[in-house]
Amino acid sequence: MATVRDLVYLNRDFRKECQSAISSRNQSFNAVLWPILFLAMKILRHNEGLELLASREYGSEAGIVLRAMFEAVVNLLWISKDPEPRVKRYTAYQLYDSQKYRDMTLERKASLHLTNSEIEKLEQSESQFKQLYTDAQKMGEEFGFRPGRHWSGKTLRKMAEEIGWTEWSRMSITYTKPL
């Protein structure tokens, strides 16, 4: 039977192989696969973060990363149940959600901290930013996205139940809530 240490090393090897295979790939990926690949790599990075925190005996701090990893796994498995429409919805939400950072930046006048050349570059890109904003709003309307709501239109717990992870959901949500 493998020890925890063996599993950690196997996981590291697997992660390195995945990263190597992706970076050395000569062909481009099918656009539908990008969100799935993104989530898979996110899970692997979260796992590495957990290893680092555990190696430094920061177990309680690892709960936040564990929760993020759980969410990424549930998203990945839920998407895989019906990939085409769910990948489209997930991708549309990423565009929609990205605009909140733009809005926060404008509200907080973040440009006050930029140099004149950085402000000039932003002004030159303003038409592209406006187009992205318009596209994001259209996506939001098309899919019915709302600020603060999950991209799937369901709760994470409901998604976990649909993939057969009811107990994992209860455990993850219960034990990783912030204090």
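Biologist: So the expected span of a helix is 1.5 Å times one less than its number of residues. How many residues does helix 2 have, and what does it reach from its first C-alpha to its last?

Modeller: This is a predicted model, by the way. Helix 2 has 23 residues and reaches 33 Å between those two atoms, close to the 33 Å expected.

Biologist: Nice. Which residues of helix 2 are buried?

Modeller: The buried ones include P35, L37, L39, M41, I43 and L44. H46, N47 and E51 are also among them.

Biologist: And what comes just after helix 2?

Modeller: E57, which takes a positive phi of about 60°. Most residues other than glycine have a negative phi. E57 sits in the loop between helix 2 and helix 3.

Biologist: Is E57 buried or exposed?

Modeller: Exposed, because its relative accessible area is 72%, and the cut-off for exposed is over 50%.

Biologist: Let's change topic. Which residues touch the most other members in the largest nonpolar core?

Modeller: That core has 25 residues, and L39, I43, V74, I79, F145 and W151 touch the most other members. In soluble globular proteins, nonpolar side chains tend to be buried together.

Biologist: Which helix gives the most to this core?

Modeller: Helix 3, with nine residues. Helix 2, helix 3, helix 4 and helix 7 each supply at least two residues.

Biologist: What does I43 touch, not counting residues up to four places away in sequence?

Modeller: I43 touches M69, A72, V73 and L76.

Biologist: Now charges. How many salt bridges does a search of the whole structure find?

Modeller: It finds two. In one, the side chains of E71 and R67 meet at 2.7 Å, N to O. Both residues lie in helix 3, four residues apart, about one turn of the helix.

Biologist: Where do E71 and R67 stand on accessibility?

Modeller: E71 counts as partly exposed, at 29% relative accessibility. R67 also counts as partly exposed, at 22%.

Biologist: And the other salt bridge?

Modeller: There the side chains of E162 and K154 meet, with 2.7 Å from N to O. E162 is partly exposed, at 32% relative accessible area, and K154 is partly exposed at 29%.

Biologist: What about R86: which side chain of opposite charge is nearest?

Modeller: E162, which is 4.2 Å away. A salt bridge needs the nitrogen and the oxygen within 4 Å, so R86 has no salt bridge, although R86 is buried.

Biologist: Where is R86, and what is it in contact with?

Modeller: R86 is in helix 4. Leaving aside neighbours within four places in sequence, R86 is in contact with W78, I79, K81, W151 and E162.

Biologist: Last one, helix 6. Which residues there are buried?

Modeller: A136, G140 and F143. They cover an arc of only 85° around the axis, so they lie on the same side of helix 6.

Biologist: Which exposed residues does the face turned away from the buried side carry?

Modeller: That face of helix 6 carries S127, K138, E141 and E142. The 18 residues of helix 6 should span 26 Å, and its end C-alpha atoms are 26 Å apart, which agrees.

Biologist: And what follows helix 6?

Modeller: G144 does, with a positive phi near 75°.

Notes: Residues are numbered from 1 along each chain as its sequence is written. This is a predicted model: local features need pLDDT of at least 70, side-chain atom pairs count only at pLDDT 80 or more; totals for chains, interfaces and linings use all residues. Side-chain values use heavy atoms; hydrogens and water are left out. Buried means under 20% relative accessible area, exposed over 50%, partly exposed in between (1.4 Å probe, protein chains only). The arc is that of the directions from the helix axis to the C-beta atoms. A nonpolar core is a set of buried Ala, Val, Leu, Ile, Met, Phe, Trp, Tyr and Cys residues joined through side-chain atoms within 4.5 Å. Contact means heavy atoms within 4.5 Å. Lys and Arg count as positive and Asp and Glu as negative; His and the chain ends are not counted.
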